[in-house]
Amino acid sequence: MADPMKIRAHVVGDATEVKVLMSHEMETGQRKDAQGNTIPAWFIQNVKVMHDDKVVLAAQWGPAVAKNPFLSFKFKGGAKGDKVKITWVDNHNETRTDEATIA
Amino acid sequence: MDHPRRDALRRGGALSLLTLVAAAGWLPRGAAAAETWNKGAFETHSLDETMKALGGAPPVPSKDIVFFSTPDIAENGAVVPIGITSNVPKTEAIAILVEKNPNMLAAVFDVPAGTDASLSTRIKMGQTSNVFALVKADGRYYVNSKEIKVTLGGCGG
Amino acid sequence: MPSIVRRVVVAFATAGAVIGIAGGALAQSTADEIEKYREALQDGNPAELWEARGEEMWTAPRGPKKVSFDACDLGLGPGVVKGAYARLPRYFPDAKRVMDLETRLVWCMENQQGVAPADATKNVFGNGSAKRSDLEALVAYVTSQSRGVKMSVPLDEPHVHDMYRLGEKMFFYRGGTHDFACATCHGDDGQRIRLQDLPNLTKVEGAQKAYTTWPAYRVSQGELRSFQWRLNDCFRQQRFPELVFASDASIALTTYLAGRANGAEYNGPAIKR
Amino acid sequence: MPKKTFGGTLAASLALGAIATGVFHGCATAPADREVSERAEAMMKASFKPHGQAKLDRLDQDETQRLCSEYAGHSLPPTIVEKIRQANLATIRYPADGKLVGDWKNGEKIAQSGQGFQYSDDPAKPAGANCYACHQLSPKELSYGTIGPSLYQFGKRRGFTDETRKYAWQKVYNAQAFNACSNMPRFGYHHILTEAQLRDVVALLVDPASPVNQ
C-alpha cells in the first residue's frame with residue numbers, strides 16, 4: 001500500500017492554506033531500466049481536495065508531474081479544527097486518502 | 001447530436017489549444033472530478049501535433065497570468081517548481097503545459113469558486129523549454145508563457 | 001514555430017534575459033537564478049515522507065527477536081533520539097568502535113533485533129519503490145530529531161579523536177586514475193563543478209554548511225540520501241573503488257567532517273539538487 | 001597507543017571547536033604524523049572493495065600522488081616542486097607523426113563528457129575529459145566550473161604558434177609538469193584519453209576556428 005501523504009493545512013487570514021506531499025514514483029513510461037526494457041508508466045492521474053463536503057481543488061495529472069508530488073494552494077473559509085481530506089488515484093487504480101486538521 | 005457540447009466549444013473560441021483540453025473535458029464540476037482522466041489531452045506528443053489537430057483561434061495572451069516562485073533556470077529538470085496565479089476574473093481552471101516535453105500537458109487544475117486561482121506544484125522538464133500557463137475563465141481562454149532553462153549537472157557528466 | 005507559440009513568446013517571453021549578457025554578469029545571473037530555484041524547493045521537502053516512515057519503523061517491533069529501536073542506544077541512552085545525531089559519531093563501548101548513525105542502526109538491528117548482517121545491510125541505499133531503503137527512512141527520522149541542535153561531536157574522546165585524524169588524512173589522500181582527493185574539489189573557496197557550488201570543507205564554515213544539511217532529499221534521484229551514501233558516491237566520482245558501507249574509512253571521514261561542523265546548528269534533512 | 005601521543009592541549013582546543021587547520025596538519029614529516037598517514041592508508045585499503053573496472057590498485061599512490069597528499073595544505077618546498085615537475089615532464093610523450101592538433105568539434109564533445117573510469121561507467125565507451133566541469137571554454141556553454149581557470153580564448157591570447165600548440169599538448173598530457181600538485185588530472189600520463197582524443201582537445205584550445213577562440 002502506498003505511504004501516507006504529508007498534509008499541512010492552516011488558517012491564513014480569511015483563507016486556509018493547504019500544502020501536501022505525496023509519496024509516488026510518478027514514472028513517466030519513457031525511461032528504460034539497466035536491461036533496456038521500458039519502465040511502465042505509473043503516475044497519479046486524479047487528485048481531489050475536500051473541505052467538508054465541498055471540493056476545493058480537483059486536478060488531473062500526467063506523468064510530467066515530479067516524483068513525490070508537491071501541491072500548495074488556498075481556499076476561502078475553513079476554520080481551525082476542520083478537516084481537509086485529500087484523495088489521489090493513479091493509473092493502476094491504486095488510491096490513497098488522507099486527512100489533516102486545519103491548524 | 002450533442003448540440004450543447006458543440007455550442008460550448010464554439011463559445012470557447014472554436015478549437016484552440018485550450019478547447020482541446022475543454023473538448024476532451026476540463027474537469028467536470030463537483031465530486032465526480034476524481035473519476036475522469038483525459039487521456040487524449042495527456043497524449044499530445046508535440047506542440048505541432050496538438051496545433052495541427054486544432055487549427056483554431058488561439059487563446060488570448062494575458063499578463064493577468066503570473067508565474068511566481070518559478071525560476072528562470074532549473075538546476076535539475078526532474079523537479080521544476082511552478083507557481084501560477086491567475087488574476088483573470090472568474091478563473092475556473094489552470095493548466096500547465098511544457099512545449100518540449102514528450103507529452104505537452106503536465107497538469108490541469110479545476111479551481112472552484114472560493115478557491116484562490118493561485119497554486120504551486122513541481123513538474124519534470126526534459127530540456128530547456130517554454131512553459132505555458134493556460135487559464136479558463138468565464139468560458140474563455142488565456143495564456144502566458146515563460147522559458148525555463150534546464151542545466152546540466154554532476155561531476156560524472 | 002506554430003503561430004500561437006510565436007505570439008505568446010514574442011508577447012511575453014523573458015527568455016534571452018540570460019542570453020546576451022556576457023562574462024561575469026552572465027555567471028552571476030545564472031548563480032542568482034539557481035539560488036531562486038533552490039529557494040523555491042524549500043517550501044515542501046519530500047524528506048518528510050521518509051521521516052514519517054522512519055518514525056513508524058522506530059517504535060515497531062522488528063527482526064526475529066521482535067525488538068523495537070526503543071532498545072537502541074544512539075549515545076544518549078536507549079531509545080533517545082532527540083539530539084542524538086548532533087553528537088555522532090561517537091565511541092560505543094558495547095561495540096568497542098566509533099560509529100556513525102548508520103553503522104549504529106545496523107549494529108542495533110543485528111545485536112538487538114536479531115537481524116542477520118546480510119539482511120541488515122541489504123538495502124542501505126534505496127532506489128525507488130522497487131528497492132526501498134528502511135535504513136534511509138530511519139536515518140531521516142533520527143536526523144530530523146536533531147534539527148536546531150548544535151553539532152557537538154565528542155572530539156576530546158580519544159577514540160573519536162583518532163578517527164578524526166585518520167579521516168583528515170583520508171580527505172587529502174590523492175589516488176586513482178584522476179589523482180583526485182576529497183580536497184581536489186572541496187579544498188578551496190567559491191569553486192564549482194559545472195554550476196554546482198562546492199563547499200570548502202577545509203574551512204569550518206564550509207564543513208558546517210555542508211554537514212548540517214545532510215542527509216538530503218536529492219531531487220535528481222527522488223530519494224533521500226544518507227551521509228554514508230554521500231561519501232560512497234563521492235568516491236565513485238573520484239574514480240576510486242567502492243567505499244564499503246559502515247567501513248572504518250567511511251566512519252573516519254564522517255568523523256572528520258562532522259567534527260569540523262561542531263558548533264553549527266544541525267538543519268537536515270535538507271533538499272538538494 | 002597512538003591516540004595518547006597527542007593529548008591534552010590539542011584535545012582541549014578541539015573541544016573548543018576553534019582550531020586552525022594548520023595546527024592539525026602540524027609538521028608533515030613528524031613521526032606521529034607519518035604514523036597516522038600509514039594507518040590511514042592501511043585503513044583505506046581495508047575499507048574499499050573492487051567494483052567493476054575500479055580495482056583496489058587505484059588506491060596505490062605513485063610518487064607524485066604521495067607527495068601531493070603529504071604536503072596538502074602546506075606550501076610545497078621548492079625542491080619538492082622541482083622534483084615533481086621534472087618527474088612529470090619526463091612522462092610526456094608526443095605523437096610519432098608530430099601532429100598535435102586534431103578536430104576541435106570532437107574536442108568539444110570530449111570536453112563535455114564526464115564518462116569514463118568510474119565503476120559505474122562502461123569501460124567499452126570512450127572516456128571524456130569533462131573539461132567543462134572545471135573550466136570555462138566555449139562561451140556558448142553556461143554550465144562550467146571554476147576549479148580551473150577560464151580557458152576562453154586560450155589560443156587567441158597566446159598566439160596560434162607552435163609553442164602554444166606544444167604547451168597545450170603538454171598541459172593536457174600532464175599538467176603537473178608545470179604546476180606541481182595541480183588539481184587537474186594527468187590525461188596523457190594516466191591514459192585517460194587516447195592520442196587522437198588528446199589531439200582533439202588540443203584543437204579545441206588552439207584551433208583559430210574553435211569556439212574557444214572566438
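Relative accessible area sorts residues into buried (under 20%), exposed (over 50%) and partly exposed (in between), with a 1.4 Å probe and protein chains only. This is a predicted model, in which local features need pLDDT of at least 70, side-chain atom pairs count only at pLDDT 80 or more, and totals for chains, interfaces and linings use all residues. Residues are numbered from 1 along each chain as its sequence is written, chains are lettered from A and ligands numbered from 1 in the order in which they are written, and side-chain values use heavy atoms, leaving out hydrogens and water.

Select D:Y167, which is partly exposed at a relative accessible area of 26%, and then D:F178, partly exposed with a relative accessible area of 26%. Their rings form an edge-to-face pair, 5.0 Å centre to centre with 80° between the planes; rings of Phe, Tyr and Trp (its six-membered ring) pair if their centres lie within 6.5 Å, and planes under 30 degrees apart count as stacked, over 60 as edge-to-face and the rest as tilted.

Next, go to A:F43 and B:W37, whose ring centres are 5.5 Å apart and whose planes meet at 55°, so the pair is tilted. A:F43 counts as buried, at 5% relative accessibility.

In chain C, select C:Y85, C:Y211, C:F227 and C:Y266, which ring pairs link into a cluster. Then show C:R104, whose charged end sits over the ring of C:W107 at 4.2 Å from its centre, a charge being over a ring if NZ of Lys or CZ of Arg is within 6 Å of the ring centre and within 35 degrees of the ring normal. In chain D, D:R158 lies over the face of D:F154, 4.0 Å from the ring centre.
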